[in-house]
Amino acid sequence: MSRADVDLAKSGPPPPSLVARLRDNDLVASFLSSKTTAAAGLIALILIVAGLAAPLIAPTDPFNPAANFLMDSLTPPRFVAGGDPRFLLGTDDQGRDLWSAILYGLRISLMIGAFSVLLGGAIGVALGLIAGYAGGWIDSVVMRIADVQLTFPAILIALLLDGVAHALLQKSNREETAFLVLVVAIGLSFWVQYARTVRGSTLVEKNRDYVQAARLIGLSPARIVVRHILPNVMGPVLVIATINLAIAIITEATLSFLGVGLPATEPSLGTLIRIGQNYLFSGEWWIVAFPSLGLATLVLSVNLLGDWLRDALNPRLK
Amino acid sequence: MIAFVVRRVLASIGVMIAVGLIAFAMFRYVGDPINQMVGVETSVAERAQLREELGLNDPAIVQALRFLARAARFDFGVSYQFKQPVADLIGARMPATLELAFVASILSLAAGIPMGVYSALHRDSALSRLFQALSLIGISLPTFLTGILLITLFSVVLGWLPSFGRGDVVRLGPWWTTGFLTVSGLKSLVMPATTLALFQMTLIMRLVRAEMLEVLRADYIRFARARGLSESAIHFRHALKNTLVPVITIVGLQLGSIVAFSIITETVFAWPGMGQLFLQSIQNVDIPIMAAYLLFIAFMFVTINLVVDILYVSVDPRLRASLHGMHG
Amino acid sequence: MSAALLSVRDLRVEFAARQGPLIALDGVSFDIAPGEVLGVVGESGAGKTLTGLAIIGLLDPPSRIAGGEIRLDGERIDNLSPARMRVLRGRRIGMIFQDPLTSLNPLLRIGDQLTETILTHLSLTRRQARERAIAWLGEVGIPSPAKRIDGYPHEFSGGMRQRVVIALALCAEPALIIADEPTTALDVSVQAQIIAVLKKVTRVHGAAVMLITHDMGVIAEMADRVAVMYAGRIVEIGAIGDVARRPLHPYAMGLMAAIPTLEARAGRLAQIPGTMPRLSAIPRGCAFSPRCPRVFGRCEAERPPLIAVGERRAACWLYDAQAAPAAARAENSR
């Protein structure tokens with residue numbers, strides 16, 4: 001340890017880090033004690049693994065049009081009359097095996113969700129730290145922009161950004177750029193929450209002894225912010241991130257359902273449901289039912305986890 | 001107080017102008033307006049002439065101001081797809097969206113607040129747990145999924161309610177059409193309004209519950225108990241009032257988002273409202289409609305925020321006092 | 001001797017915790033006579049507030065009364081149903097809390113909060129209740145009560161608010177008031193005024209007071225008798241003059257010695273070494289034994305009961321004729 005770090009340690013310990021608190025008995029005990037939470041955690045884990053491993057476990061590749069069974073389109077699931085043993089959950093209007101499509105859909109939903117949360121989180125945390133630490137006009141500008149953006153619901157912002165992005169990129173590339181546009185649009189619609197929370201925490205931490213000590217020693221602001229303040233404001237960020245993951249997944253599904261998200265050639269769960277709704281009245285119920293079930297389960301379990309995390313990390317409820 | 005209101009109004013106008021400039025930027029610089037408006041056969045010379053006529057060669061500032069001035073008069077130009085004035089298109093569809101939003105708002109408040117209060121006061125009852133479970137589902141299920149679920153149950157399986165459209169509407173005055181006055185109109189409203197309200201309802205319920213639990217822990221509630229006040233007096237005279245004040249703000253803001261979420265509901269139920277129009281404009285890159293919708297939404301939110309701010313200050317005596325203290 | 005107004009016998013209060021119930025109050029016993037002021041003094045965490053809450057029936061789960069009896073005018077009140085307990089509160093027992101700012105509902109006018117309390121307990125018309133409320137405000141020393149009655153809590157200063165709180169607690173004329181740290185949240189300059197108001201009003205209306213505080217100065221101003229609490233038990237109880245000037249229990253001695261006085265020579269402030277034990281780690285025998293300068297064998301083995309020493313009582317083996325005969329004889333002969 002450098003001399004500076006040693007001196008820092010002497011000026012009093014910063015609040016216990018997130019990892020230390022996670023190792024605390026109470027948290028693990030509360031996770032295991034609630035059956036719903038443990039079940040939710042397990043289910044979420046299964047879904048995440050299934051989604052990520054989709055290329056390995058799916059019988060067919062639904063994103064490859066050549067692999068579609070056009071002749072067998074609209075086949076019911078295997079366990080229903082008229083079903084085909086090749087297609088566990090039936091096929092859709094393009095002849096895609098629904099089981100594979102759901103797996104790949106899970107995968108892409110999770111990926112978009114994760115990346116957009118990371119993007120939004122990175123931007124939000126960075127801006128929050130800067131605004132909180134630097135103060136002054138930087139703070140005002142960032143917070144003003146945040147306030148204006150906050151008057152609109154995130155989904156509207158995502159929708160608008162999506163539309164503008166596609167307009168700027170010209171229609172012909174819509175399908176190739178869909179993934180990127182979605183991540184950026186959803187991510188940008190979320191940064192505000194992170195920024196606000198982190199800014200608040202930064203303002204609090206800024207005045208604590210260990211930060212004052214670091215400044216006296218002459219550490220650069222960047223070093224102070226990244227190495228000392230950042231770890232201590234991460235707690236609430238994690239909670240927001242979990243909640244946001246569920247929202248990001250829902251937002252992507254919604255945008256795809258509305259037709260401005262992932263196209264039918266690379267369907268996510270939302271796209272599949274959109275396609276399925278057209279066949280609801282004509283009897284091919286499975287195209288809507290199974291993706292819906294998958295989406296609902298995913299979001300529900302992520303939400304339950306987020307709820308548990310928020311309650312567990314809330315110091316006031318202890 | 002007046003000074004406060006004036007300041008807030010000015011701030012709102014400021015936001016509107018900022019949004020207006022963004023809308024203008026979209027309008028003018030995303031894609032080429034001329035190319036969107038004319039067919040492929042139009043010659044270059046004709047395009048240049050059109051450009052001149054529309055004032056597209058003027059300095060940006062002039063164009064911006066012209067745009068803002070026109071917007072203030074509800075003139076948003078002509079739609080690329082439909083070749084009709086945007087204002088007319090939006091106007092024709094506004095009643096559908098507003099009626100839907102109105103019913104959904106009322107529903108979410110009328111159901112959400114009592115459920116929230118009940119589950120705060122009777123924390124461990126079976127009904128509370130049911131509400132909790134429902135709220136989790138309400139928050140987890142995306143709006144469109146709820147809609148599809150309702151359609152499956154009430155249209156496909158039971159056949160009770162229509163699954164698309166507004167039913168028969170009655171024209172009131174030169175501009176407004178209402179679905180409230182016909183049976184099919186009302187029937188058509190049920191599922192979309194419920195779908196739209198569900199998310200808000202669960203949000204309100206959770207908020208009211210959390211806020212009320214917080215309030216019930218306060219010292220003044222304990223002191224009220226120590227004075228022997230009855231439970232109903234404590235719950236409804238003291239706790240409820242204090243709960244609803246912060247809830248007003250959030251509820252007000254949420255009500256605005258109902259109009260935004262109507263985009264989804266209108267798509268699921270093929271409801272002929274503004275949301276659907278906006279969605280089509282996004283798919284077809286119809287910039288004038290996008291810009292106009294943006295302005296409309298901004299206006300609505302800004303107005304709602306303003307009203308909520310003023311309401312909040314007039315309801316909480318502490319804020320009123322601090323305002324008076326700010327004179328001079 | 002007149003019958004006690006409040007009689008507490010062997011009160012036990014427990015907290016349910018993950019590892020098993022923690023005993024927060026362990027066999028607390030005392031009496032309060034009508035109109036008497038009993039001070040209850042001790043460090044934070046000694047159990048003073050819990051005793052008050054237990055008496056008025058406002059213990060929140062996970063705490064609960066696990067044993068003992070509380071009697072008001074001879075009748076048991078610790079085992080009443082919530083509905084019947086509510087009838088008592090305000091009308092026969094009142095309680096005031098530490099922070100006057102948070103004790104008052106910020107959204108309701110003072111007058112409304114007063115009339116509401118009065119009307120809950122006394123059958124009067126609205127007008128009569130309002131007049132009573134104005135009278136009460138006058139009694140606690142609020143200037144221009146008829147005008148200020150329609151004010152909101154934030155329009156009053158800290159001292160004024162606490163006066164309103166006192167009025168609120170007394171307006172239904174209870175026989176016993178439990179005052180939990182009534183001056184701690186106030187400026188020093190205001191504290192004396194509030195004590196004066198409390199003293200006057202309770203005397204005029206004949207109310208007994210259980211005055212909970214960690215501030216001996218407040219006790220000295222107002223109390224007739226004082227009980228010293230430590231780790232959930234009463235360690236000494238007696239007349240204020242006796243306990244303050246010649247404390248019996250070593251802890252009480254330490255407390256009195258720790259109070260700096262203006263006349264004493266400047267030097268190190270006296271301290272009692274160590275800290276009060278946590279609820280999960282209360283020693284066997286006497287709870288004070290690890291810190292006691294006069295500890296001996298029996299102290300760590302067996303818990304001392306309250307032993308009578310003349311008119312006073314102390315929970316210390318020093319005063320047991322068999323355990324420490326010399327000390328006991330010395331004390332009794334004084």
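Student: How many residues does the contact take from chain C and from chain B?
Tutor: In this predicted model, chain C contributes 26 residues to the contact and chain B contributes 19 residues.

Student: Which elements of chain C each supply at least two residues of the side that touches chain B?
Tutor: They are α2 (82-88), β6 (93-96), α3 (100-103), α4 (110-121) and α7 (158-170) of chain C. The largest share comes from α4(C), with 4 residues.

Student: And how do the residues on that side divide into nonpolar, polar and charged?
Tutor: The side of chain C that touches chain B has 11 nonpolar, 9 polar and 6 charged residues.

Student: Turning to the largest nonpolar core, which residues touch the most other members?
Tutor: Leu211(C) and Val228(C) do, in a core of 259 residues. Helix α11 (residues 221-258) of chain A gives the most to this core, namely 18 residues. From chain B, domain 1 (2-72) and domain 2 (86-327) each provide at least three residues.

Student: What is Leu211(C) in contact with, leaving aside its neighbours within four places in sequence?
Tutor: Its contacts are Val37(C), Leu38(C), Gly39(C) and Val40(C), together with Ala179(C), Ile219(C), Met222(C) and Ala223(C).

Student: Now chain A: how many helices and strands are there?
Tutor: Chain A has 13 helices and 0 strands.

Student: What share of chain A is buried?
Tutor: Of the 318 residues in chain A, 44% are buried.

Student: And what share of its contacts join residues at least 24 apart?
Tutor: Counting contacts in chain A between residues at least 6 apart in sequence, 70% join residues at least 24 apart.

Notes. Residues numbered from 1 in each chain as written. Chains lettered and ligands numbered in written order. Predicted model: local features only at pLDDT ≥ 70, side-chain atom pairs only at ≥ 80, totals over all residues. Buried ≥ 20, exposed ≤ 12 C-beta atoms within 10 Å, placed from the backbone. Contact = placed C-beta atoms within 7 Å. Nonpolar A, V, L, I, M, F, W, Y, C, P; charged D, E, K, R; others polar. Core = buried A, V, L, I, M, F, W, Y, C linked by C-beta atoms within 7 Å. Domains from an automatic or database assignment.
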